Amino acid sequence: MLDSNEENVEKNEVKAEEVAKEVTSVEEEIVAEKEVTEVDDTIEAVNEIEKSVAEQAEIEESKEEDIPVVDYSVQSLEELVISLTKILAENPVQKIKSQVDGVKNAFNEKFGDLLASKKEAFLAEGGNSIDFQFSSPIKSEYNKLLSDYKKQRDAYYNSLEKQLKENLEKRIQVIESLKNIIEEADATTMYKSFKEIQDTWRAIGPVPKNHYNDTWKTYHHHVERFYDLLHLSNDFRDLDFKHNLEKKLKVIEKAESLANEEDVNYAAKELQDLHKIWKEDIGPVAKDVREEVWKKFSAATKKIHDNRHNYFRAMRSKYQEIINKKLEVIAAIDVYDTSKNESHGDWQKSIKDIEALRQQYFTIGKLPYSKSEEVWQKFKSATKKFNSAKNVFYKEEKGEQQENLKKKIALIELAESLKDSEDWESATNALKKVQSDWKKIGHVPRKFSDDIWKRFKAACNHYFDRFHQQKNAVSKEQQAIVEAKKEFLDTVKEEKDSTKESILEAVNKWKRLGSLPRNVRHLEGKFYKQIDRMFDSLSLDKNEISMLKFTNVVDSYFADNDVRKLDSEQMFVRKKIDEVVKEIQQLENNLGFFSNAKDDNPLVINVKNRVNEFKNDLVIWKQKLSYIKKLDY
């Protein structure tokens, strides 16, 4: 025994078969009655639009919207879960398949990499492969979201399928009712009953697409039969024919205007709606104009169809051009040579190069999802190849930095062992070598760099502070130097008519007089203050004067072996270079806001002058840095 649901399904299938058979006879009658004058391409255009109307009738509410391609590969596992949560919360379940697939692909790839690294670490620690297990809260949350999505999706499509079948059964019942009133032909009630049937038919929702055209043709055939038999109520029939003709002519007029619409997608969508109105909302017209009206509508349909095909033919050519350009960028990334990269600086340059290619890829143009996925996978594969090479380098770099850390800690321990030494000559030479060796060692892990530098600097400063203090004991010979330099300083103060040569000679003489004890080193400052005054009185280029002043000061530090002041001076110069570069960048960025301004604009002129001034300053500061770096201290 079949239960009631199975019986209904069986009846529905039998009725559907009967409808299909009836459609065949209907079509044979139509062919027999009409002379087919449409050319093959017109028929093809009409068939195509009717097929799309049938599909649209079924999936109108479930059609996925155009969604921009999102690069989920750059998101972390946590960010992917957040994205999936947002997608499910903010969109109907039937419209998010491509978005969900994008998140799934990225998550599976990243989690696979994580799983592989965890397993590698497990095996490296002596674990057995068969015993490896790894669980993650983020994976559990992701699995739950994916499970919820599948349940919602399945529930939606099961409900949709059930509704479509119920609507098909309702339409078949309406057709049966229409056949009954034709067979009974009760002139007093048939027209009223027919109008009720029409209202019922229009109220029924979508049906399965493979039955849509069959049921409509059968229904439409019996509607025409009804009107042809309505000889007892010619007034009603003629009035309906007239109204239907007016409606169909308006539909044709709209279709003909759509043939001139530039937006072919909009035109195609509107044409689908017009065909649906033609089928669902408008009844038949008088026999003598049926074929003529249909030909006009078919001709307009063909023109819109041709416009759309021509447009997409051109778009396919454009898409291919975009694809070719993207493939060129992918090829450039794929063959990018990193084999000669040996330092952090080399890799930073390569990272900038690849980022520039990435930006070029994205600015070439967008593609529809159906055409972009294959290209996108190739792009991800090429960038993954580069990233893998980069990760290998930095993994090895971490090992090298650990070795550098060990070397620097050894130097710190040596410096700390010497910081209280009384063997001034031996300890001084040893600490100078320690400082020189420190500069030759490369980077250490960033989290240790500040601490070890402070510790090293403290040990060196402690020793050299003691070293300079013991040198402050002034001998008779040193006192003679002090007196000679004081006397010479007074002479320099009286000097008025100076030349560049006389100033340089004064500096050389000051140096020849010998080094001052530490406790009277302030005389150096006074002397060079007078030298600065003398330089300022000359009509020399200001850059040349600045450089002469700088070299005099630095040379004095070098002569006294004052490493701390030399380091401090070098740090100051580097800081000034950074400040000047930032000023130039800021001003040049500001110029971008005056792109439409004329060259003689006072603001533009002022900014450009300041840029030039800073660039001149930059040249001098770089010369100063170069000079101090050449000193062997």
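Reader: Is Tyr-191 buried or exposed?
Author: In this predicted model, Tyr-191 has a relative accessible area of 15%. Buried means under 20%, so Tyr-191 counts as buried.

Reader: Which helix holds Tyr-191?
Author: Tyr-191 lies in helix 6, which covers residues 190–203.

Reader: How far is Tyr-191 from Tyr-227 in space?
Author: The C-alpha atoms of Tyr-191 and Tyr-227 are 9.4 Å apart, while 36 residues separate the two in sequence.

Reader: Turning to helix 5 and helix 7, at what angle do they cross?
Author: Helix 5 (residues 137–184) and helix 7 (residues 209–229) cross at roughly 20°, and their axes come within 10 Å. Angles under 35 degrees count as roughly parallel, so helix 5 is roughly parallel to helix 7. Their crossing is left-handed.

Reader: Which residues make the contact?
Author: Helix 5 contributes residues including Leu-168, Arg-171 and Ile-175, and helix 7 contributes residues including His-211, Tyr-219 and Phe-226. By type, the contact residues of helix 5 and helix 7 are 11 nonpolar, 4 polar and 3 charged.

Reader: And how do helix 15 and helix 16 pack?
Author: Helix 15 (residues 476–494) packs on helix 16 (residues 500–512) at about 165°, with the axes 10 Å apart. An angle over 145 degrees counts as roughly antiparallel, so that description applies to helix 15 and helix 16. Helix 15 passes helix 16 in a left-handed crossing.

Reader: Which residues meet there?
Author: From helix 15, Lys-485, Phe-488 and Leu-489 meet Ala-506, Lys-509 and Trp-510 of helix 16. Of the residues in this contact, 4 are nonpolar and 2 are charged, with no polar ones.

Conventions: Residues numbered from 1 in each chain as written. Predicted model: local features only at pLDDT ≥ 70, side-chain atom pairs only at ≥ 80, totals over all residues. Heavy atoms only, no water. Axes fitted to C-alpha atoms, helices over the stretch in contact; angles between N-to-C directions. Helix = DSSP H or I, 4+ residues; strand = E, 2+ residues; numbered from the N terminus. Parallel < 35°, antiparallel > 145°, perpendicular 65-115°, else oblique. Left-handed = near helix turned anticlockwise from the far one by under 90°. Contact = heavy atoms within 4.5 Å. Nonpolar A, V, L, I, M, F, W, Y, C, P; charged D, E, K, R; others polar. Buried < 20%, exposed > 50% of the residue type's maximum accessible area, 1.4 Å probe, protein only.
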